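Reader: I'd like to learn how to read helix packing and chain symmetry in a model like this one. Could you walk me through it?

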Protein chains: 2
Amino acid sequence: MTSRIFLSTILSCICCSLFAQENVLSYVKPITGTQRMGHTYPGATVPFGMVQLSPETDTLSYEMNGKYNPDVYKYCAGYQYEDKTIVGFSHTHFSGTGHSDLGDFLIMPTTGTLQLNPGTADHPESGYRSRFSHSTEVAEPAYYKVKLEDDGILAELTASNRVGFHQYTFPASDQSHIILDFMSGIYNYPNKNVWTFVRVENDTLVTGFRQTSGWARTRIEYFAMVFSKPFKEYGHRNYTNDVYKGFYRKFDQTKNFPEMAGRQIRAWFDFNTTAGEKIKIKFAISPVSTEGALKNLRAEIPGWDFDQVKQEGQALWTKELNKVHIESGSREEKENFYTAMYHAFINPTTYMDVDGQYRGLDMNNHTANGYTNYTTFSLWDTYRALHPLFNIVQPKRNADMIQSMINHYDQSVQHMLPIWSHYANENWCMIGYHSVSVIADAIMKGNAPFDANKALDVCVTTARHRNYDGLGYYMDMGYVPEDKNGSSVSKTLEYAYDDWCIAQVAKKLGRTDIYEEFIKRSNNYKNVYDKTIGFMRPRLNDGTFKAAFDPLQTHDQGFIEGNAWNYSLYVPHNPDDMIAMMGGKKQFTQHLDSLFTMELPDKYFAETEDITRDGIIGNYVHGNEPSHHVAYLYNWTGYPWKTQERIRMILKKMYHPGPDGLGGNDDCGQMSAWYIFSSLGFYPVCPGSDQYSLGSPAVDKATLQLENGKTFIIDVKNQGDKNVYVQKVLLNGKALDRLYITHSEIMNGGNITFFMGPKAKK
Amino acid sequence: MTSRIFLSTILSCICCSLFAQENVLSYVKPITGTQRMGHTYPGATVPFGMVQLSPETDTLSYEMNGKYNPDVYKYCAGYQYEDKTIVGFSHTHFSGTGHSDLGDFLIMPTTGTLQLNPGTADHPESGYRSRFSHSTEVAEPAYYKVKLEDDGILAELTASNRVGFHQYTFPASDQSHIILDFMSGIYNYPNKNVWTFVRVENDTLVTGFRQTSGWARTRIEYFAMVFSKPFKEYGHRNYTNDVYKGFYRKFDQTKNFPEMAGRQIRAWFDFNTTAGEKIKIKFAISPVSTEGALKNLRAEIPGWDFDQVKQEGQALWTKELNKVHIESGSREEKENFYTAMYHAFINPTTYMDVDGQYRGLDMNNHTANGYTNYTTFSLWDTYRALHPLFNIVQPKRNADMIQSMINHYDQSVQHMLPIWSHYANENWCMIGYHSVSVIADAIMKGNAPFDANKALDVCVTTARHRNYDGLGYYMDMGYVPEDKNGSSVSKTLEYAYDDWCIAQVAKKLGRTDIYEEFIKRSNNYKNVYDKTIGFMRPRLNDGTFKAAFDPLQTHDQGFIEGNAWNYSLYVPHNPDDMIAMMGGKKQFTQHLDSLFTMELPDKYFAETEDITRDGIIGNYVHGNEPSHHVAYLYNWTGYPWKTQERIRMILKKMYHPGPDGLGGNDDCGQMSAWYIFSSLGFYPVCPGSDQYSLGSPAVDKATLQLENGKTFIIDVKNQGDKNVYVQKVLLNGKALDRLYITHSEIMNGGNITFFMGPKAKK
């Protein structure tokens, strides 16, 4: 009942909204970014949903012959558009990450002789996988469909928050199978599967858990799976040969044996099917227990109406997507924009059962009362634009995410806020402690329904963790010495920015001692600037700069996912001082110009993760995050029209609808959030301040429906591919004589009008 | 506070009891049975306690070079009296089992250079283990002490229900260590350890869990450990090389790194100690969570007073042991008796946190409201005498145990009552479904504060499980065919007895159809009797008896842990018919006489588990359970004096205080319960009936303090080593003209007087 009332509420909201006529869903192309570097997935999920039910076209091993297998990187989201076969459909996926995990509970329907191994892409007939064609593939928000050609099975997927819903249309067969493969997983390797426990409760219900040690070191995911039709037989193969078999040997376990446990298990369920018969599966997951999964299942999808669940999921998307209504003469612009909105609203993901229970970092169960607990915090990416975007269009969720981050701190034995965390684990990926930016941005923007003083305290404790990643050196010496801790310049710059965020909050809360400590630390960027060469440069423990140094090289030069040309520009909290330090506005403008226009020699396109020609303009790397604010820096050098020009170029070159439509990993929505902001005409160059730097809006009009009931309208006069230059800006009808707007100016409602033209207004 | 009030309540109870003057604890010798076959342990536990904190003298691998290692059997309880070294002290142990598991969380104090491997028994200096001597060893109920000679450390252990309390007296050293070895375990092998997760919460608190796959396939045990003094440094070695190391590499993990996770981990904690300084450790366990372990710790042992906790534990024992007060001129008799009481009151063990939470067979957390949830059900052993004993002296606990068994059924995906279960796992060890005997015995004796009709239903479902261990054949054919399912005669006989138990309950509850079904099945023992040879004998699927057959041989003859000579006598529910079938009273008496007096040829003492000369009189095997009722069968053949004679012989030969004082595995108290009943003068030959068959009491007087407030006194006139024959019996002053007493005669209170003499009263 709950979900039906919920649906009707949503539907009535939509009906009374301004934009009910337009089917915003039609602009969303989940297939975007599924080719090469985007690392998105095409499957079914609802906004911020716990389940991401999506096809795997392969799941390579992280290791080959004891060494890292670089090909695994392609399969961060389990799907690569160029592949010709589908292995199956699993329930958990990251959207756009550059390292991976998950891919839990792979399901595959087949007919004929049972094959329990997946087979190879070259010879799909050697296993249970199937050929497929993009011509039969449909990927919509909360819906995915594909024909599995080898056995003639139509696969359809939808999902609620915590339940994946499969619908398989079979041919007539007395050998129809559903395979449930617990061995399959993303970034898999022989020992990633720690334990699997499965119970066939009755002839339609299966429960259990899967425990893995991968990017998340101690991860347990529970499930409850129900079939629409009783299976006639079932069985499993236990490939775990190295554990004690015990007195289970007294049973015939070849089939219909309801207990399965081990490291490596595949199960199957057999049916007779008539031609066109649909076998449906509801597959609920839980971070807590199989009991929790069952609760989720019963609460979210009590019935068997696939179309209704699909409609409910799509209604949730419609509601979220309509938070920003754009007008544009270009269908491509609308597709780019709403696909970006879609990708921005996938991560972080819900991480609790319907009753609020979730697993904490301490592996104990906790309860979230009155808010949603989230996981999947790719913070080095998302603090830049995604969380600032949430402060505008998802403030309630963003506050809940921050509460979830504070929960993480409370449960952390390191007493640290999340760095990169997922599924009750800290994976420690990337650098900095950018939770503090997310927290500061929310507090400074007045979106802090949590205890701000406590939030400041946990930021400070995090930032004083001497054993963390060179931080002790940084605190003692004002920079991270490269010979003590690699990527030292990136770390120094990002710590300095994060420290500035802490200082802002301390100042706002009147915590003077903390302000003094951290505002001082925020100047540490100066300590890694080598004025002799005009770049940030790694320093050694003895105070000297590292001798061998190539500012174009990305690897082993003191930076991470960026070279000195890009990363030297990373002082978002003090661009004026940075520009002065780097030779003043003129010289800095030349640096920016060169960055965008230089021709990077071939040798710098190493065949490594994240650095390919897709995401690069000149030497400007948009495919990675450290430069995401860079095009806006012209606003500080007296050349705002260059910002406007560059932004439009990046929007055009780095994004388009289609499988190869993303110039780099979407990184849990950060790339998409950049698109959303920039196409609306402003960008949060420095989260933690209340300012958004103006760029060049690429839409004709945008209406932001704010949670406070107000509306902020962006009206863009005369914009077009050639009319990218801002001539004049009115805020609520009055001329704006600055290059930024503030958060409160947006949240108070009103309108901003950009007048565009084909010539730069110098 | 709770525990102190509790203590004072107990103490006042004891003070007002009749026996306060006598220190019953002094008769308990926990060391009894620690040599060779007894498989008991000498460490500290409270009655039915969740923690059994005891030394390991070795922990061999279950496998050697991929094959079963027969030497592991010695170490079912982790301790062998003949060993010269102690490896450490772990927190969970079975008492007296013939297969094993547990040995969780091994702690060892050392000084000097840190050694993280245990070393070998021959060269203890090669590792952290230490030499010890029995001369410094003290083993009392709830207290154990030993000097660890290598480093001169005095180790003392005590425990509350859920918390082990260690007290180590160190020499002066700036290199004092506490080692916490998660790799150590009983019945260990390379892949038994599935996962270990540890957090050093602060400088005195460590939490985590250990997950194993052994006899219990999916077992997780949580812990919380606190030190009385902050450690100065700590560290761990992670021997897990086959999992993804991830971005933990960004930390220096060599020491003081608070997160540990992997398959194989050893941790250490360092201290400076002055001469005679005591380092104390409280180590709480939980089946549910580290939060649960902390709750247990805080509730049960809030302070640091080792002696007080020891006193509280010993007060608990005093209370339980005083439920039967015996008088005897023989100190050995008292030591035997109270050691047997001690061993009878260890298993089953508490399996829930102080708040009632426990892990179910479905791996979900459940809550026991208003009763104690128990685990460790060695039912093939304990249904015979231990649970019947509980119905007299521990009726509340026995009812709770039955509730725990019904919980097990409710959580079982097989929909079966426990066979041999421990720690939220069914290990399926041994045969039959003897839960039904325990349930029937309680119902028939009026100790059923649970829903008896539901209990009957679950017994019936269990007994109709066609896939279980030959049961389908048994149901169809009236016996288990040996060529389809081994140990077929034992199974047929025990199923028949269990079925009779079900029939009794059905009759009592007026469930006629069930009565008819199961009373018919209870006659199935007839189907495996071969009258041509006068023995029970395996039959084949074609109806014929197995040709090659040796009634003296234990292995591969259709029986388990017994030969045809012993096992053919297993029709406890119908001795009269069995005797008639086997040739009548005279011939049957001759069979019994031969059993006790024949000389078993050497070849039958195979070097295998459970069959050694220790536990055998003639061909009568007391060291295993199937014959435990046999000596009482003379009561049915007109030779009760032979019962009396044999019982006294068995009491004398099979039990004495001392390490080698048990003639076989104590089997979670069954061997001890036999001793208690038999020395009191009666025995439950057929649990599920309300009768106790009379034997020959070996005490001068016994007073049973019943939970209903009544007292049952056994007065024995003139008994002694020579005066073993009963001349006359008075029940409440009136001559008893039968060879049994009933349960209600005991529970109503009163007295029975045995008049003994040196000559058989024929």
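Author: Let's start with axes: they are lines fitted to C-alpha atoms, for helices over the stretch in contact, and angles run from 0 to 180 degrees between N-to-C directions. Helices (H or I, at least four residues) and strands (E, at least two) are DSSP runs, numbered from the N terminus. This is a predicted model, where local features need pLDDT of at least 70, side-chain atom pairs count only at pLDDT 80 or more, and totals for chains, interfaces and linings use all residues. Residues are numbered from 1 along each chain as its sequence is written, chains are lettered from A and ligands numbered from 1 in the order in which they are written, and side-chain values use heavy atoms, with hydrogens and water left out.

Reader: At what angle do helix α16 and helix α17 of chain A pack?

Author: Helix α16 (residues 640-654) and helix α17 (residues 670-680) of chain A pack at about 135°, with their axes 10 Å apart. That makes α16(A) oblique to α17(A); angles under 35 degrees count as roughly parallel, over 145 as roughly antiparallel, 65 to 115 as roughly perpendicular and the rest as oblique. I647(A), I650(A) and L651(A) of α16(A) make the contact with W674(A), Y675(A), S678(A) and S679(A) of α17(A) (contact means heavy atoms within 4.5 Å).

Reader: And in chain B, at what angle do α15 and α16 cross?

Author: The axes of α15 (residues 584-597) and α16 (residues 640-654) of chain B come within 12 Å and cross at roughly 20°. So α15(B) is roughly parallel to α16(B). On the α15(B) side you'll find T589(B), D593(B), F596(B) and T597(B), meeting K642(B), R646(B), M649(B) and I650(B) in α16(B).

Reader: Is Q314(B) buried or exposed?

Author: Buried means under 20% relative accessible area, exposed over 50%, partly exposed in between (1.4 Å probe, protein chains only). Q314(B), which is found in helix α3 (residues 306-321) of chain B, is buried at 13%. Leaving aside neighbours within four places in sequence, Q314(B) is in contact with L25(B), E140(B), P141(B), A142(B) and Y143(B).

Reader: What rotation superposes chain B on chain A?

Author: Two copies of a chain are related by a rotation about an axis and a shift along it. Here a rotation of 180° with 0.0 Å of shift along its axis superposes chain B on chain A, with an RMSD of 0.0 Å. That's the relation of a two-fold axis. Copies are superposed by least squares on the C-alpha atoms of residues with pLDDT of at least 70 in both.

Reader: Which residue of chain B comes closest to the rotation axis?

Author: V194(B), at 3.3 Å (C-alpha).
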